[in-house]
Amino acid sequence: MEAPPEDETPAAALAGIEVPDHGEELKASDEALTLMSSFGGMNCALLRVGTTWFWHILTCLRHKETFFHSLQSCRNVCFQTSLVTVSEGGRDLGRFSVSVEFARRGQQTCMLLHAQSQGAIDDSPCGTTVTAYLTTDLEVLEEDYHEYVKLEGHSLDKRCHMVQRDGQLVIDKVTTVGEEVTKESASYPVSVLSGLVTEGSNLLLMRLLALRKKVPEQMTFISFDQGLHIVHTTFSELGLKQLEVEDEAVEVFGVQRIVHSVEDSPTTWQCYYLPNGHLASRVQVGSPITMRLLQMPSQLEKGFEKIPLVWEGDMQMRSKFLDRKEELKADHASYLRQHPEIRALISDFLQFLLLRKPDDVFQFAREYFLPFASRRPPEPNLTP
């Protein structure tokens with residue numbers, strides 16, 4: 001993707017967000033870029049479709065090790081995980097789920113990640129939804145983030161949408177606090193965002209790191225803070241520990257992520273994974289809330305937990321809904337234009353109804369439309 005002309009002013013600057021010169025911008029470490037490239041090389045063959053995918057399978061069958069390695073890679077990338085959100089006292093507060101599947105965005109085959117957290121804190125509903133389209137090397141094509149907290153008389157709603165467009169990553173953020181709405185925008189050349197980790201791609205990256213059972217040193221990526229500034233985010237290894245699931249001690253591997261900020265203190269997340277990559281525990285350091293696995297996934301259920309469908313927060317499903325809605329509106333409008341007598345008929349009926357004001361509307365409608373029944377062609381006689 002080409003960068004914009006040098007004299008083009010980034011949208012971030014137009015929005016009042018200070019954007020440093022490209023030479024001064026923070027960058028991901030070489031080790032982090034190498035790691036992300038290795039993910040793309042491992043999984044790119046899995047995105048083949050149609051006859052290409054068919055011939056790929058035939059080729060892999062000639063080399064069984066390569067074929068089964070591809071299947072294992074597919075299980076590593078495509079998954080579904082569900083956790084329970086609990087308080088320090090063990091009170092059930094809600095649910096957290098995340099899934100990744102192969103999908104298509106326009107003409108491009110990619111991965112679709114959907115994560116959702118819903119619950120209540122002090123009886124106040126709250127939740128977070130993330131939907132992201134990612135390439136195999138975790139490059140973000142499009143991502144939608146929505147967070148809300150509904151307090152009595154004072155609600156908070158944050159929405160952030162980012163999408164690649166003409167060589168730029170365009171970001172639009174809307175924050176609503178009560179009745180006050182704040183809008184922010186930023187735009188960065190994709191060329192300066194190598195090694196970018198977002199709220200969506202982070203969930204898949206940490207799983208892939210855990211499956212390797214080792215986090216290389218110098219794992220420094222870039223991300224965005226709350227002010228849409230480019231900041232560093234680092235990943236490190238927490239090692240192995242015992243975690244109790246269903247009154248049974250299981251061994252889990254931990255990965256820690258620290259997101260730095262220009263204006264605020266760093267935010268730290270710690271996640272622990274089962275040997276098969278299933279998320280077992282997730283917590284933000286300093287928070288009294290923990291997301292944890294209460295039941296071990298059975299052999300048949302691994303990667304296939306049911307996740308509640310909330311289509312409004314899914315970009316793909318919402319897009320299909322809006323397309324179908326516009327299609328129906330156009331079809332209905334076309335039919336009404338072809339039959340102007342419909343509007344006249346309904347208008348006359350409503351006018352007559354409001355003049356008479358009958359107690360039994362159904363009986364009135366039956367009598368009003370009865371004369372029109374004689375205009376219908378006779379029904380065919382179906383009796384032998």
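This note walks through a predicted model, point by point.

1. **Overall make-up.** The protein has 384 residues, and 38% of them count as buried. Its secondary structure comes to eight helices and 14 strands. Take the contacts between residues at least 6 apart in sequence: 48% of these join residues at least 24 apart.

2. **Confidence.** The average pLDDT of the protein is 79. A score of at least 70 is reached by 76% of the residues. Residues 1–23 stay under 50 in pLDDT, and the model gives them 34 contacts beyond four places in sequence. Residues 42–72 are also below 50. Where pLDDT is low, predicted coordinates should not be read in detail.

3. **Helix α5.** This helix covers residues 199–211. Its 13 residues should span 18 Å at 1.5 Å a residue, and the end C-alpha atoms are 19 Å apart, which agrees. The helix is mostly covered, with 11 of its 13 residues buried. Among them are G200, S201, N202, R207 and A210. The run L203, L204, L205 is buried too, as are M206, L208 and L209. After α5 comes K213, with a positive phi near 60°.

4. **Q256.** Where does Q256 lie? It sits in strand β11, residues 248–259. Q256 counts as buried because its relative accessibility is 14%, under the 20% cut-off. Its side chain joins that of Q270 through a polar contact of 2.7 Å. Setting aside neighbours within four places in sequence, Q256 is in contact with residues including T268, W269 and Q270. The list of its contacts also holds T234, F235, S236 and L238. One of the others is M206, which is a buried residue of α5.

5. **Q164.** This residue is in strand β6, residues 154–165. Q164 has a relative accessible area of 14%, so it is buried.

6. **Helix α7.** Residues 341–356 form this helix, 16 residues in all. From first C-alpha to last it reaches 23 Å, close to the 22 Å expected at 1.5 Å a residue. Just after α7, K357 takes a positive phi of about 50°.

7. **Aromatic pairs between α7 and α8.** The whole structure holds nine aromatic pairs. One of them is F352 with F364: the ring centres are 5.5 Å apart and the planes are at 45°, so the pair is tilted. F352 belongs to helix α7 and F364 to helix α8 (residues 361–373), so this pair ties together parts 12 residues apart in sequence. Are the two residues buried or exposed? F352 counts as partly exposed because its relative accessibility is 29%. F364, at 10%, is buried. F352 also pairs with Y368, with centres 5.9 Å apart and planes at 45°, so that pair is tilted as well. Y368 lies in α8 and F352 in α7, so the pair ties together parts 16 residues apart in sequence. F349, F352, F364, Y368 and F369 form one aromatic cluster.

8. **Lysines over rings.** K241 lies over the face of Y272, at 4.1 Å from the ring centre. The charged end of K150 sits over the ring of Y148, 5.6 Å from its centre.

9. **Two leucines with positive phi.** L138 is not a glycine, but its phi is positive, at about 70°. It is in the loop between β4 (124–134) and β5 (140–151). At 1% relative accessibility, L138 counts as buried. L228 has a positive phi near 65°, again in a residue other than glycine. The loop that holds L228 runs between β9 (220–224) and β10 (230–245). Its relative accessibility is 3%, so L228 counts as buried.

How values were computed. Residues are numbered from 1 along each chain as its sequence is written. This is a predicted model: local features need pLDDT of at least 70, side-chain atom pairs count only at pLDDT 80 or more; totals for chains, interfaces and linings use all residues. Side-chain values use heavy atoms; hydrogens and water are left out. Helices (H or I, at least four residues) and strands (E, at least two) are DSSP runs, numbered from the N terminus. Buried means under 20% relative accessible area, exposed over 50%, partly exposed in between (1.4 Å probe, protein chains only). A polar contact is a pair of N or O atoms within 3.5 Å; within protein, one must be able to donate a hydrogen and the other to accept it, and residues adjacent in sequence count only if both atoms are side-chain atoms. Contact means heavy atoms within 4.5 Å. The expected span of a helix is 1.5 Å times one less than its number of residues. pLDDT is the predictor's confidence in each residue, from 0 to 100. Rings of Phe, Tyr and Trp (its six-membered ring) pair if their centres lie within 6.5 Å; planes under 30 degrees apart count as stacked, over 60 as edge-to-face and the rest as tilted. A charge sits over a ring if NZ of Lys or CZ of Arg is within 6 Å of the ring centre and within 35 degrees of the ring normal.
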